[in-house]
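Please keep the sequence and the 3D view open as you read.

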Amino acid sequence: MDWYMMNCELLATCSALGYLEGDVYHREPDCLESVKDLIRYLRHEDESRDVRQQLGAAQILQNDLLPILVQYPQEKVLFDAVVRLMVNLTQPALLCFGKVPADATSRHHFLQVLSYLQAYKEAFASEKVFVVLSEKLYNLLQLDWEQRQEEDTLLIERILLLVRNVLHVPPDPTEEQGVDGDASVHDRVLWALHISGMDDLLKFLASAQVEQQWALHVLEIISLMFRDQSPEELAALGQGTAGAEHREDTQELETLRQRELAEKRTRARQRPSRHSRFGGSYVLQGIKSIGDRDVVFHKGLHNLKSYTHDLGKEPRRLPRRRQAAPEAEPSRRSARNVRLFLRHFCQDFLENCYNRLMLLVKDQLVREKAQQHDETYYLWATAFFMAFNRLHGFRPELVSETVGVRAFHFIEQNLTTYYEMALMDKKEATTWARRMHLALKAYQELLRTVQEMDRSPEQAVRDSSQVIKSNIFYLMEYRELFLTLFRKFDETKQPRSFLRDLVETAHLFLRMLERFCRSRANLVVQSKRVRRKKKKKPQVPEAPAPPSAAELEQLWEGLAPQVQACLEGEAPLPEDMVPFDAASETPVEEQRAEALLRIQECLRDSRVPQALRLLRSAREVWPEGDVFGSADVGPPEETQLLREILVAPLPRRAPAEPEEPEEEEEEDEEEEEQTLQVSEKEFNFLDYLKRFACAPVVRALVLLLRGYARNSARTNHCAARLLHRLARDLHMEPLLFQLSLFALFHRLLSDPAAAAHQELVTLAKFILGKFFALAATNKKAFVELLFWKSPAIVCEMTKGYSSLQEGEGTTRSRVPPWTPQEEQELRELYWKYKEVEGGDIIAAILAHLPTPGRTRRQVVKQLVRMGLASSAKDFPRERKGTRIVLWTQEQEEELTRLFEEFQGSDDVLGNIMKHLTARRSRARVVEKLLGLGLVAERKELYKKRRRKSHGPGPGQAATGVPAMPAQDSSGEDEDSEEEEEEDEDEAEEGRMEEHWVPQEGAGQDLAQRLHREGLAGPLRWLENCLRRAAGDREEDGVSHPAPLVPLTEENEDAMEDRRFRTLLRQLGLRPPASEQESFWRIPAALTPQQLRRAAASIAHRGPSGSPQDLSEPPRWPQDPAPEPLPAGLGSDSESEEPVPVPVPVPSPVQPRTKRRRELASEDEDEDGGSSGTELAPPAPREEEEEEEEEEEDPQPRGRRKRIRCLEEEEEED
């Protein structure tokens, strides 16, 4: 902006400041008033910041304000006003505009203000300015708090803000294009700050007891001072000479030169030995051009390998929303003298200020005394200074304030908050990602510091690190953190530097966790899951029963004198009674019935004057039909009208009910309540590692390795080690059979400088060898290269694609495919029943479908897939209970007969619903039973549960099974047992009595059924526990209650199974007696003989009836033997010896997989629901149907199952 374009008032004010003559500035008499006027102008500038731009174009700060500040520091009022004005002029552009503007005009103003700020920063790179500021700040800090005035405190804060604003100005990349080691503008400002002694004042403010209020200001200034520095470079600066840096630069240049020479040699080999006289054209057979002919190639044969159809095409422009997130500005090496001064500052700061300053800052953050997002400075300081301390003579006492479980918790809490905000605040996702990166770097440095403490020669330090690791590895939140970050990584929001630090931190965490598990025999960790309970809804009060005819006659006898008095005028009538509601949506002509009800209510409440006034007003409003009497009606007729209205059975509106589908109504209305259940379990490192075996993790690692040439050796090692853990330790090599990864391997193996990445080359050869070995037996492996894989697909590729369908690891959601014959039959049935009116097409198809086990949802989806229907909306479900509204006399008699027939059964309502002819919902049947007076309350219709008794029941005396809540073998009892919720079972069954002992053969039938349903492993574990307890009691001669501790996930899932717990009760085992107990126990009252009998009763019996030997656990078929570890991948570092990790052989039979709660929520796994756990066996058909119906009708399990049973029975009828 031109000086002559400045506003005339602003120009006059600037001219009144003074003038510069040589090095001397002559101020005008109105200089102070002019400075105040400029402050006032800045306060009223517009959105384009016009005043700020005009002052910047006029260079007021360089030519007037700084000379005034240097030459007139003794004039306190003027000095204070100038500092105020400079603080306003130098405030960051982001604070002026709020954010980086999106439109072109505002963005131009933003960049213009930023250019002026960069010019201001260059003007501040003067020792004179900082000497004046340092002396003024020193004099103010010399004052005691009794002598310090409010103006002095404000001036201290303004000086600190001015220094902060100057250091905050970003560099200008177009102006600062020097090489590393040159002094940039920021370096010159830091050197002027150091020469003036301002850095010593900052250290004093950080350590002084009376200057606590400036803690955040000091930390912010320090973070801006070290903005372009690396703790690794600063720590290494004092450990060697300048020749070490020169050798590093020389080595880097030599590497680049070797790469260039290798590329030249490769190009030279591709050229022929002599120039070909035939420039020539060639026909590439087998490669079609645009037409049907082969491609004609017009270049030399040495260029044939680089041929592609994309030659000559313009690259497609990538949309902005899909572009990779920009990286932070590349760090540059400052001048050596500046780095030496900063290294000494770091040493002094760590020894004298760090712990105290971080304690004060964290206290202000926790108490919310700081501004928003000030915790980012705390996170940066934690990562930077702890890294410097670790690399420069590690002394844990210097950083003790930020080493501990509380520091881990604070950083993890902020990291989780940033992660959740990045998912919710889509517009500012990039900003939240930068904050998340700061938290991740602080978390990484904490882990590295704890790892360094393990190597300390002091025993107390090593013990402290063990305590910290035991607390971190115990809690679930720290173990789930990296899985969540990997699964939700988005390259469009988070830069590659975040991915690099994430991979390095995850590698470090896994290595520390693995070593910690090796050092302990059993590691118990905390496990959390969401538990759903049922919470009863408040019941709607029932309407009172209408009075009988005798009661109404008695009431009329009492009202007759009052009616007579009102008709004779002895009692006054109200004047403001209106018989209709003008605000109602119902028309006035249709409110006549409501007026009758109001008159009847007034009479029954003994409000005769109101009833008579309403009657006369209604006669005026609705004179037609003489419903309220004729116009010339007399007192006797009005009396008779009132009596008829009183005793008339007028229809009353039913109370409003919650709008729910009638198929969801139950006799006991309930709602779900989620609670967090915390438990403990034994930790298995390989089970935890399996959770990383998913497509998002592998995709992120491949994305990082695409830039292997730019990555550091440490980054490539961490990524390769993680991939090797998934492939080699878990025996999931097919997880890495992906085309993008193979393309990366091809580029790596053809790279002339591949020798510098020997570890990646070894991994590539290992994976490629496994792939071609599998491709020899599985020809579909080449097609599988196109897709990211999950552990289930890996199992299919190695064991055969029919293994999951035959039941070897299939999930419950796997639907059997439709054969061509089944599709033809489905098509014929659809065309057969399509024209039938008034019928359910899907129900008719299901009834005549030859293949059993198909569900309604499967049939509808297949019809849509075959093109016979456009969507599932073409086949709506019938709403039950909507066809029949009124009960006929025959239906009431049938309901009464069924109630009398099943009144003594355990499930009265269920039996009535099964035998009722007309379709009714359970809620309507309950209401009718209450209306008929057959039951007094709903509780009488609840299903009765069998109670435990001490003696055998009539049906148990023959088998010897005690009178326990056993599970009958019929399907009806099994369904009824599944209907009850887990909390109701535990509440009604009560506690097992200690003196009860099982009889011989107890639980035998139930155990055999559990064997057939896939719980052989937990039953074998239970049998071994009983036999071991019997042997211990015989050896010791003393009996103590022994807990049953499930150490595997399979056994833990079995302990949550209702039928397995029923078996435990039948065997005489005792459930947890209180909240302080977590495990079932073998009571002390059971003798060794009784325990052996119980173990024998649950042993698996073959066809001959004899127990089979189950001592040898089943092996996974064709389990490959562990292969030798490839060179270069067996350890995490050069000095570490490879330690073989035993891989447990998984069992082919497991219960259904355990549910896990992820951080985020919000978010299912992208790889098809696989989280790296063992593959579960095929679920029964009923559970499969239940899973598929759950998506369409998300209801509680018990309610959904009852509804489905009713639908099937109604369709059969």
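## About the model

This is a predicted model, in which local features need pLDDT of at least 70 and side-chain atom pairs count only at pLDDT 80 or more, while totals for chains, interfaces and linings use all residues. Residues are numbered from 1 along each chain as its sequence is written, and side-chain values use heavy atoms, with hydrogens and water left out.

## The overall picture

The protein has 48 helices and eight strands. Both are DSSP runs numbered from the N terminus, where helices are H or I with at least four residues and strands are E with at least two. Of its 1213 residues, 46% count as buried. Here buried means under 20% relative accessible area, exposed means over 50%, and partly exposed is in between, using a 1.4 Å probe and protein chains only.

Take the contacts between residues at least 6 apart in sequence: 75% of them join residues at least 24 apart. A contact means heavy atoms within 4.5 Å.

## The nonpolar cores

In soluble globular proteins, nonpolar side chains tend to be buried together. A nonpolar core is a set of buried Ala, Val, Leu, Ile, Met, Phe, Trp, Tyr and Cys residues joined through side-chain atoms within 4.5 Å. The largest one in this protein has 198 residues, and Met225, Phe226, Phe385, Tyr443, Phe486 and Phe692 touch the most other members. Helix H22 (residues 496-518) is the biggest giver to this core, with 12 residues. Another core lies apart from it and holds 26 residues, including Cys1025, Leu1026, Ala1030 and Ala1054.

What does Tyr443 contact, leaving aside its neighbours within four places in sequence? Its partners are Phe408, Ile411, Ile472, Tyr478, Leu481, Phe482, Thr505 and Phe509.

## Two crossing helices

Two packed helices are described by the angle between their axes and the distance between the axes. For helix H15 (residues 336-352) and helix H17 (residues 375-391), the axes come within 11 Å and cross at roughly 95 degrees. That makes H15 roughly perpendicular to H17. On the H15 side, the contact is made by Arg343, Cys346, Gln347, Phe349 and Leu350, and on the H17 side by Phe384, Phe385, Phe388 and Asn389.

Axes are lines fitted to C-alpha atoms, for helices over the stretch in contact, and angles run from 0 to 180 degrees between N-to-C directions. Angles under 35 degrees count as roughly parallel, over 145 as roughly antiparallel, 65 to 115 as roughly perpendicular, and the rest as oblique.

## The buried side of H35

Helix H35 (residues 841-848) has Ile841, Ile842, Ala844 and Ile845 as its buried residues. They are on the same side of H35 because they cover an arc of only 160 degrees around the axis; the arc is that of the directions from the helix axis to the C-beta atoms. Among what covers them are helix H34 (820-833) and helix H36 (856-865).

The N-terminal end of H35 is capped by Asp840, with a side-chain oxygen 3.4 Å from the backbone nitrogen of Ile842.

## Residues to look up

Glu412 sits in helix H18 (residues 405-424) and is buried, with a relative accessible area of 8%. Beyond its neighbours within four places in sequence, Glu412 is in contact with Glu477, Tyr478 and Leu481. Val461, in helix H20 (residues 459-474), is also buried, at 10%. Not counting residues up to four places away in sequence, Val461 touches Pro396, Met453 and Ser456. The C-alpha atoms of Val461 and Pro396 are separated by 7.9 Å, although the two are 65 residues apart along the chain.

Most residues other than glycine have a negative phi, and most peptide bonds are trans. Ser606, not a glycine, has a positive phi of about 65 degrees; Ser606 is in the loop between helix H24 (592-604) and helix H25 (608-621) and is partly exposed, with a relative accessible area of 39%. His731 has a positive phi too, near 60 degrees. His731 lies in the loop between helix H29 (713-729) and helix H30 (739-749), and counts as partly exposed at 24% relative accessibility.

Note on methods. Polar contact = N/O pair within 3.5 Å; in protein donor to acceptor, adjacent residues only side chain to side chain.
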